[in-house]
Amino acid sequence: MDSKAYLDMSLLRFTTAGSVDDGKSTLIGRLLYDSKSIFEDQLSAITETSKRKGQVEVDLALLTDGLRAEREQGITIDVAYRYFATPKRKFIIADTPGHIQYTRNMVTGASTANLAIILVDARHGVLEQTLRHTYIAHLLNIPHVVFCINKMDLINYGQETYDEIKKELERLSQKLKLRDAHYIPISAKYGDNVVDESENMNWYQGTTLLHLLETIEINEDRNMNDGRFPVQYVIRPQQKDFIDYRGYAGRVASGIFRPGDKVKVYPSGLSTTIKAIDFYNEEIDEALPQQSVTIRLSDEIDISRGGMIVHEGNEPNLSTSFDADICWFNERPLDASKKYILRHTTNELKCMIKGVNFRTNINTYEKDFEDVTIRMNEIANITLTTAKPMYFDSYRKSRITGSIILIDEGTNETVAAGMIN
Amino acid sequence: MTRAINRNHLRELESEAIFIMREIAAQFERPVLLFSGGKDSIVLVHLAVKAFYPSRIPFPLLHIDTGHNFQETLDYRDVLVEKVGAKLYVGSVQDSINKGRAVEETGVGASRNKLQTITLLDTLEELKADAAIGGGRRDEEKARAKERFFSHRDAFGQWDPKNQRPELWNLFNGRKNVGEHFRVFPISNWTEMDVWQYILMENIEMPNLYYTHKRRVFQRDGVWLAEAPFMELKEGEEILELDVRCRTIGDISCTGLTLSNANNLEDIVKEVAASRITERGGRADDKRSEAAMEDRKKEGYF
């Protein structure tokens, strides 16, 4: 690798959901192993542990199951983050358990993902858990979904079975309006179509999984149209040479900001223009989504953390009430008589739950309008009322300005995550 | 030509880390940045400078000094603190021992690594710190793979890995009760390779220990360690003078040295890329048991 090539690498975040039986750990182990991201001391440590437990093959799941309780019980409890890189891209894997009782972990892992890998066992086809994992990818609006039809080796690499499963998955993708879906027949155990092309499936003309991960276009997933800049922190040095400096630090949520842009500032609603955009000690000509920069404005306007700078003429919704799909995270069920703390971008507000509209069964996609007690790991649609007006977008439009978390005032725990309708 | 920030994986990681730095400053009253003199904490300071420029870093640095440091680390630390204009606090393990708060391990293989936890928790309490910023990375060790960016610690400084707060999108919940604190890890998503590539891209000045130099060393359990007055030699161990460099820097008693001729950042990046052993493969403190890190972390370790 030439010494400057690393400056052209991009970053892809993807999530995997599944249980031991799906071959999820084997697939991750395969990606890490075949891309040479497992080190000798890690490999020798897990080889030794596998032997001690009387296993014949090296258990690659030991690489991902990091907590003592997980190793003891042989299950993945939490989201584990894994890293590997090829000369083209760096990858961050949010590895999550796939069982229904860990829906909250799947939702967490999915929240920042550009892509989801959904494993389907070729022997069983589309199962309840396939529906569940696909629903979460849809709910969290993950831009790309890759269905890996795994264990092809156990059905003699048969094309007919694959085609049938693929057809069913295509119907599912259409039903949930997935933005971009891919289908790959693989054997994680033997490596077919994971990193290297399979010699057992000449009928498959598509790419391998790793090649897809390396080349899939992700720049277009960013919302470049709706200028949104939540103010995180105000920089006022009040020291020599910078007496009058007043910069608004934050990370661009969506849109492109340039000096000279006409902007509107919330909550005041006042208009001004961008005087300069700073990145450390340089003035830059544009700031793109996800970049942490500091914006200076032409007029002195009162803004603090929780405020938002937006493009004039393209403004967010402004309201004290909205609907959201939520996933409940806490052992104590949702209590509509309580006030919760709502966090949205850098803003914090008190809120009340005006009503639970329905609960969604994520295995069958059925809506329940009758029993609306919302327990841990359940998905529901609710109406919220905030103490002050909130400036927001729908989650479908912007993942950052359309997402919220709810915090219990008493325990300070994060009890729910929500996607605004 | 447009002056824009080029987009690559390092810039994305940088933006994420700067975002976290600013969240810390906004959400906590008395954060401190844990500075060890190692490459990860050097990168943290660099990111903090960038996050708040032209203001100074709005929190002090805290160094937990085991008393077994490489002199180069201390020299580098003092120059850096002067340059960025930050306040430095030092928590001394020797003081904890003198006060009877900690008891020194004895014998061959004795280390002050574990004692650091006591000094760290005591010092955080003295400073009334409500957040300690650390350079921990999830790729370092498997218990760290499940660590949050904002990691909650109870009133005893302990970590409960099974009851961690979920973190979604850009939303970090730093709310806590009195007496509790947070550990925050802005470079959670960086790998060792990312750290070195970033140091190269930003051309960050590093302590000489990271470059090849001649040093008197001895080998123990396959790991090269530096000669020092408090390091007892076992029978059969002999001192050699070799060309070595540090791949990670901790206290002398547990920092494994790499035989290397790399004398510039490009060569270090190449060496890391070619390495088939993890950086912590040279850390004696991790070899104590399979869950060594998880256990230390629960007690309140870095």
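**Entry 1: a cavity in chain A**

I started with the second largest cavity, and its volume comes out at about 80 Å³. For my own record, a cavity is a set of points on a 1 Å grid over the protein atoms alone where a 1.4 Å probe fits but cannot get out, and lining residues have an atom within 4 Å of a point. Grid points are joined across faces, edges and corners, and the volume is the space filled by probe spheres set on the points.

This is a predicted model, in which local features need pLDDT of at least 70 and side-chain atom pairs count only at pLDDT 80 or more, while totals for chains, interfaces and linings use all residues. Residues are numbered from 1 along each chain as its sequence is written, chains are lettered from A and ligands numbered from 1 in the order in which they are written, and side-chain values use heavy atoms, with hydrogens and water left out.

In total the structure holds seven cavities of 30 Å³ or more.

**Entry 2: domains of chain A**

Next I looked up the domains, whose bounds come from an automatic or database domain assignment. Chain A has domain 1 (5-221), domain 2 (228-311) and domain 3 (317-420). I took domains 1 and 3 of chain A as a pair, and their C-alpha centres lie 30 Å apart. Here 26 residues of domain 1 of chain A are in contact with 14 residues of domain 3 of chain A, contact being heavy atoms within 4.5 Å.

The two bury about 1,800 Å² between them, 57% of it on carbon and sulfur atoms. Buried area is the accessible area (1.4 Å probe) that two parts lose on being put together, summed over both. Which three residues supply more than any others of the area that domain 1 of chain A buries against domain 3 of chain A? A:R104, A:Y135 and A:L139 do, with 35%. I also counted salt bridges (a side-chain nitrogen of Lys or Arg within 4 Å of a carboxyl oxygen of Asp or Glu), and between these two domains of chain A the count is zero.

**Entry 3: domains of chain B**

Chain B is assigned domain 1 (9-194 + 291-299) and domain 2 (206-286). Their C-alpha centres are separated by 23 Å. I noted 27 residues of domain 1 of chain B in contact with 26 of domain 2 of chain B. About 2,300 Å² is buried between these domains of chain B, 59% of it given by carbon and sulfur atoms. The rule finds two salt bridges across this interface. Elsewhere in my notes on chain B, the side chains of B:E192 and B:R247 meet in a salt bridge at 2.8 Å, N to O.

**Entry 4: chain B against chain A**

Between the chains, 74 residues of chain B are in contact with 88 of chain A. The buried area is about 7,100 Å², with 54% from carbon and sulfur atoms. How many salt bridges are counted between chain B and chain A? I got four. I also wrote down the salt bridge of B:E16 and A:R13, at 3.0 Å, N to O.

A search of the whole structure gave me 40 salt bridges over all chains. A:D408 forms one with A:K338, the closest N and O atoms being 2.7 Å apart. This pair links distant parts of the chain, 70 residues apart: A:D408 is in strand β19 (residues 403-408), and A:K338 is in the loop between β14 (317-328) and β15 (339-344) of chain A.

Most peptide bonds are trans, and most residues other than glycine have a negative phi. I therefore logged the exceptions, with that background in mind. A cis peptide bond joins A:Y266 and A:P267, with omega about 10°, and A:P267 lies in the loop between β9 (262-266) and β10 (270-279) of chain A. Another cis bond joins B:Y53 and B:P54, with omega about 0°. Phi of A:Q238 is positive, near 45°.

Terms used: On a 1 Å grid over the protein atoms alone, a cavity is a set of points where a 1.4 Å probe fits but cannot get out, and a pocket is an open set with protein on both sides within 12 Å along at least five of seven lines; lining residues have an atom within 4 Å of a point. Helices (H or I, at least four residues) and strands (E, at least two) are DSSP runs, numbered from the N terminus.
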